[in-house]
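Hi,

Here is the structure I promised to pass on.

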Amino acid sequence: MLSGDYHTHTTYSRMNHGKGSVDDNVRAALALGLKEIALTDHGLRHMTYGMTKKAFPRFLADVAAAREKYPDINVYAGLEANFISPNGVIDVDPDVTDKLDVLVCGYHKIVRPKFGGTAFLLRNLVTKNSRKALVKNTDAYLRAIENYEIDILSHPNTSCRIDLKEVGGLAAKYGTYIELNGKRVSMTADDLIMLASLGCKFVMDSDAHSPDRVGDVSYPLEIWKTSGLPMSLIHNWDRLPDFRSGKVKR
Ligand SMILES: [Zn+2]
Ligand SMILES: [Zn+2]
C-alpha cells in the first residue's frame, strides 16, 4: 500500500486553491495509515496560487506543530516549485530550500517569469506543440535537475512537453523521482516502460487540494497497471523513498 504522500496542498496555496489546513491534511493521512506526508504548496512566483514569502514562516511553524502533535506520522515541509526560466531557474531560492524537507518541482502556466522566462512561458501557451518548445522545455528541465536538489518532478509532460527520455535519463542519474500524479498523468504505458529501462525511480502522489483527496492515487495506479511494470519500482509503495536531497529526518 501507499506509504507516504509527498505532494499535497493546503490553504497556504492562495485563492482558496488548497482547501484544508496543514493539520487537516496530516489527520487525513493518519486516518489512511500513511507513514509520511509532505505539505507542498505552490511556489512563490505562481501568480494566483503561490505561497507568499510572508506566509512561509507560518507554514513552517504549522508543519512543525503537526510533527509534534502527531508522532505516529512523519510530517514534512515542502513546496511545489515552478519552472520560471529556460535556464532552468526555479522559483525557490536557497534561503527557502534550506528550510524544506522535500522539494517538488513542476511546470505551471501562470507564473512570474525570470531571466528570459516570458518567451519560455508564452511558447508553452501559444505554440506548445512546436519542436522549439519541446527543445527549450527539455533544456530547462535538464538544467534545473542539475542545479537544484529536486526530489520529485511533479506531473512531467503536463502543459509542457519535454523529451521524456532525456529528462528521465538525467533524473535517474541524479536520483530525482518521476511522479505519477493523482490527477494528471501525461505519460503513456510505453513512456513508463521506457523510463523504467533508463533506471528511473517513481513515486505516486495524490496532489490533493482538499483533505479528502490525500492519499488517493487510484488514477495513476490504473495507468501503472497497464504498463505491466512491478510495484517495486514505486518507491512509496510498501516502502519509504530515499530522497535525493537527503533532508528528510526519519
Ligand atoms: Zn502542479
Ligand atoms: Zn500540486
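**What I found**

Ser-206 is buried, because 27 other C-beta atoms lie within 10 Å. (A residue is called buried if 20 or more other C-beta atoms lie within 10 Å of its own, exposed if 12 or fewer, and partly exposed in between, with C-beta atoms placed from the backbone.) Before I go on, a word on the source: this is a predicted model, in which local features need pLDDT of at least 70 and side-chain atom pairs count only at pLDDT 80 or more, while totals for chains, interfaces and linings use all residues. Residues are numbered from 1 along each chain as its sequence is written, and chains are lettered from A and ligands numbered from 1 in the order in which they are written.

**Around Ser-206**

Ser-206 sits in the loop between β7 (202–205) and α8 (218–227). Helices (H or I, at least four residues) and strands (E, at least two) are DSSP runs, numbered from the N terminus. Leaving out residues up to four places away in sequence, Ser-206 touches Asp-5, His-7, Thr-8, Gly-182, Arg-213, Val-214, Gly-215, Asp-216 and Val-217; contact here is C-beta atoms, placed from the backbone, within 7 Å.

**The strands**

Asp-5 also turns up in the strand pairing, where it stands opposite Ile-37 in β2. Strand β1 (residues 4–5) and β2 pair in the parallel sense over 2 bridges; two strands count as paired if DSSP finds at least two bridges between them. From β1 the chain passes through α1 to β2, and this β-α-β crossover is right-handed. That label applies if, with the strands pointing away from the viewer, the path from the first strand over the helix to the second runs clockwise. β2 itself is mostly covered, with 7 of its 7 residues buried.

On we go to β3, which runs parallel to β2 and is joined to it by 7 bridges. One of the facing pairs is Leu-39 with Ala-77 in β3. Together with α2, these two strands make a right-handed β-α-β unit.

β3 and β4 also run parallel, joined by 5 bridges, and Asn-82 has Gly-106 in β4 as its bridge partner. Strand β4 (residues 102–106) has 5 of its 5 residues buried. Both of its faces are covered, with Val-102, Val-104 and Gly-106 on one side and Leu-103 and Cys-105 on the other. Next comes strand β5 (residues 152–153), which pairs with β4 in the parallel sense over 2 bridges; there, Cys-105 stands opposite Leu-153.

Phe-56, Phe-59, Asp-62, Val-63 and Ala-66 are buried in α2. They cover an arc of only 120° around the axis, so they are on the same side of α2 (the arc is that of the directions from the helix axis to the C-beta atoms). Pro-57, Ala-61, Glu-68 and Lys-69, on the other side of α2, are exposed. The buried residues of α2 pack against α1 (22–31), β2 (36–42), β3 (74–82) and α3 (94–97). Arg-67, also in α2 (residues 56–69), counts as partly exposed because it has 18 C-beta neighbours inside 10 Å.

In helix α5 (residues 131–147), the buried residues are Ala-133, Asn-137, Ala-140, Tyr-141, Ala-144 and Ile-145. Their arc around the axis is only 130°, so they are on the same side of α5. Arg-131, Lys-132, Glu-146 and Asn-147 are exposed on the other side of α5.

**The core**

Which residues touch the most other members of the largest nonpolar core? Of its 67 residues, they are Ile-90, Val-102, Leu-103, Val-104, Cys-105, Ala-144 and Ile-150. β3 gives the most to this core, with 5 residues. (A nonpolar core is a set of buried Ala, Val, Leu, Ile, Met, Phe, Trp, Tyr and Cys residues joined through C-beta atoms within 7 Å.) Among the contacts of Ile-90 are Cys-105 and Ala-144.

Cheers

Terms used: Contact = placed C-beta atoms within 7 Å.
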